[in-house]
Protein chains: 2
Amino acid sequence: MAITMYDLAGAEAERRFSPFCWRAKMALAHKGLAVETVPWRFTEKDKLPQPNAGRVPVIVDGDRVVHDSTAIAEYLEERYSDRPSLFGGDSGRGLTRFVQNWTETVLQAGLVGLVVLDIWRHVAPQDREYFRKSREERFGRPLEDVVRDREARLPAFRASLDPLRRTVERQDFVSGSAPSYADYVVFGAFQWARAISDFEVLAAEDPVRLWRGRMLDLYGGLARRAPAYGE
Amino acid sequence: MAITMYDLAGAEAERRFSPFCWRAKMALAHKGLAVETVPWRFTEKDKLPQPNAGRVPVIVDGDRVVHDSTAIAEYLEERYSDRPSLFGGDSGRGLTRFVQNWTETVLQAGLVGLVVLDIWRHVAPQDREYFRKSREERFGRPLEDVVRDREARLPAFRASLDPLRRTVERQDFVSGSAPSYADYVVFGAFQWARAISDFEVLAAEDPVRLWRGRMLDLYGGLARRAPAYGE
């Protein structure tokens with residue numbers, strides 16, 4: 001029986017933009033596991049199976065419910081240990097945490113300041129008020145103000161990608177010659193941006209963009225087929 | 001026969017401050033290999049064994065000469081594959097490159113702006129002119145000007161350590177429950193700073209400082225015993 005996954009959707013049910021859900025979907029594909037996704041909106045907290053923390057992804061695998069993308073990756077690695085590893089051992093698992101922490105404190109923090117208004121434009125009508133209010137509280141100003149100078153901030157954002165850029169210009173994936181969970185974590189952030197924004201954050205010749213292309217090609221173009229902007 | 005390593009020294013022969021040499025010394029200790037270091041100064045390029053790129057570390061292992069810290073780590077991993085792994089497999093090796101690229105573009109780039117004048121104060125008399133000239137060309141201004149506002153820049157530097165901080169507050173080492181080469185790469189940068197500067201870059205309660213303490217304890221206190229400032 002396929003695993004069921006609750007996946008954040010926009011106004012269009014097929015537009016899936018959560019970076020954390022993309023991590024989980026890529027991890028499921030890495031393990032070769034079939035998944036049926038259920039579109040879910042921010043304000044549908046009561047529709048999630050128990051236990052949950054009011055957020056997605058949540059997966060249901062037989063009688064097991066697992067929530068939180070990191071817990072899902074750990075669960076899949078242990079439950080499906082006979083399938084390709086997401087971490088490549090204990091050191092790989094530890095180092096993946098560093099990449100994840102970089103993704104959350106640098107990459108996602110930078111991206112949200114560029115595309116947060118575009119997210120609001122794409123969320124379901126019933127989510128719009130919740131989304132604007134919660135994000136404007138976080139930023140302390142209207143979303144329109146947050147993104148107003150995004151063109152001017154783009155060079156600094158691109159410079160902040162130097163650790164990633166140097167890595168993927170010398171090897172195909174963040175994890176070396178083959179992708180692993182660390183790649184999915186970083187990719188989830190870029191897929192989030194391109195799912196809801198036509199503001200291209202990467203220059204055409206950027207090695208990061210070439211890597212993103214390799215990620216879009218994985219698993220029969222799983223992420224490339226999903227509704228998104230740009231390539 | 002012990003491996004010989006050419007190791008950057010200051011005015012005092014025992015003050016060893018190259019971050020790249022610390023990577024190599026910690027990697028040698030990880031592999032349980034004896035090493036005899038030869039103090040070397042920036043202006044002693046003709047004293048290095050061939051081949052070299054005019055920089056240290058350079059190691060001599062029997063009839064093999066290997067230069068460049070990354071090449072040395074790769075050499076040790078292959079030549080001494082029966083000893084504890086520096087990378088923990090292919091994914092670990094790939095992810096270590098990400099940590100290394102972060103260390104070089106964020107951590108070392110931040111640190112040098114705080115301590116470069118202190119380096120100049122500690123280099124050997126014959127290296128002082130070379131060091132000042134080459135670094136002032138790089139910065140485009142006198143070293144005194146580079147460090148003048150370092151107190152004001154300290155909060156931003158500490159904030160830039162967030163990916164590292166989040167990692168080592170949740171696990172003992174960058175690589176997980178045990179240290180590996182990625183830890184030595186990051187640690188080399190902090191050991192470089194404390195070897196030549198009494199400017200404490202980490203707050204007392206910072207999880208990064210607690211991790212640095214764990215690194216200083218490794219291998220019988222190898223790095224703690226070396227001439228340095230602070231703890």
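A residue is called buried when its relative accessible area is under 20%, exposed when that area is over 50%, and partly exposed in between, with a 1.4 Å probe and the protein chains only. The model is a predicted one, in which local features need pLDDT of at least 70 and side-chain atom pairs count only at pLDDT 80 or more, while totals for chains, interfaces and linings use all residues. Residues are numbered from 1 along each chain as its sequence is written, chains are lettered from A and ligands numbered from 1 in the order in which they are written, and side-chain values use heavy atoms, with hydrogens and water left out.

By that definition H30(B) is buried, because its relative accessibility is 11%. H30(B) lies in helix α1 of chain B, where helices (H or I, at least four residues) and strands (E, at least two) are DSSP runs numbered from the N terminus. Not counting residues up to four places away in sequence, H30(B) touches P84(B), S85(B), L86(B), P179(B), S180(B), Y184(B) and Y219(B), contact being taken as heavy atoms within 4.5 Å. G110(B), by comparison, is 80 residues from H30(B) in sequence, and the C-alpha atoms of the two are 27 Å apart in space.

The sheet of chain B is built from 4 strands, which form an open sheet in the order β2-β1-β3-β4 with mixed pairing; two strands are said to pair if DSSP finds at least two bridges between them. Because β2 (35–40) and β4 (64–67) of chain B each have a single partner strand, they stand at the edges, and one side of each is left without a neighbour in the sheet. Neighbouring strands of this sheet are turned by 20° against each other on average, direction ignored. Angles here run from 0 to 180 degrees between N-to-C directions, and the axes are lines fitted to C-alpha atoms, for helices over the stretch in contact. Within the sheet, β1 (residues 3–8) and β3 (residues 58–61) of chain B are antiparallel and share 3 bridges, and Y6(B) stands opposite V58(B) in β3(B). Helix α1 (residues 19–30) of chain B, which holds H30(B), packs on this sheet by touching β1 and β2 of chain B, and its direction makes about 155° with that of β1(B). Helix α2(B) lies across β1, β3 and β4 of chain B and runs at about 135° to β4(B).

Turning to chain A, 4 strands form an open sheet in the order β2-β1-β3-β4, and the pairing is mixed. The edges are taken by β2 (35–40) and β4 (64–67) of chain A, each with a single partner strand, so one side of each has no neighbour in the sheet. Strand β1(A) pairs with β2(A) in the parallel sense over 6 bridges, whereas 3 bridges join β1 (residues 3–8) to β3 (residues 58–61) of chain A in an antiparallel arrangement. Strand β1(A) is mostly covered, with 5 of its 6 residues buried. Helix α2 (residues 69–79) of chain A lies across β1, β3 and β4 of chain A, at about 135° to β4(A).

R212(A), in helix α9 (residues 207–221) of chain A, is buried, with a relative accessible area of 3%. Beyond residues up to four places away in sequence, R212(A) touches F187(A), F190(A), R194(A), E200(A), L202(A) and E231(A). V168(B), in helix α7 (residues 162–168) of chain B, is buried at a relative accessible area of 4%, and, leaving aside neighbours within four places in sequence, V168(B) is in contact with F173(B), V174(B), P207(B), V208(B), W211(B) and R214(B).

Which residues line the largest cavity? The lining consists of T70(B), A73(B), E74(B), F87(B), T96(B), R97(B), Q100(B) and Y181(B), and the elements that give two or more residues to it are α2 (69–79) and α3 (90–122) of chain B. A search of the whole structure finds 1 cavity of 30 Å³ or more, and the largest cavity has a volume of about 30 Å³.

Note on methods:
1 Å grid on protein atoms, 1.4 Å probe; cavity = no way out; pocket = protein on both sides within 12 Å on 5 of 7 lines; lining within 4 Å. Points joined across faces, edges and corners; volume = space filled by probe spheres on them.
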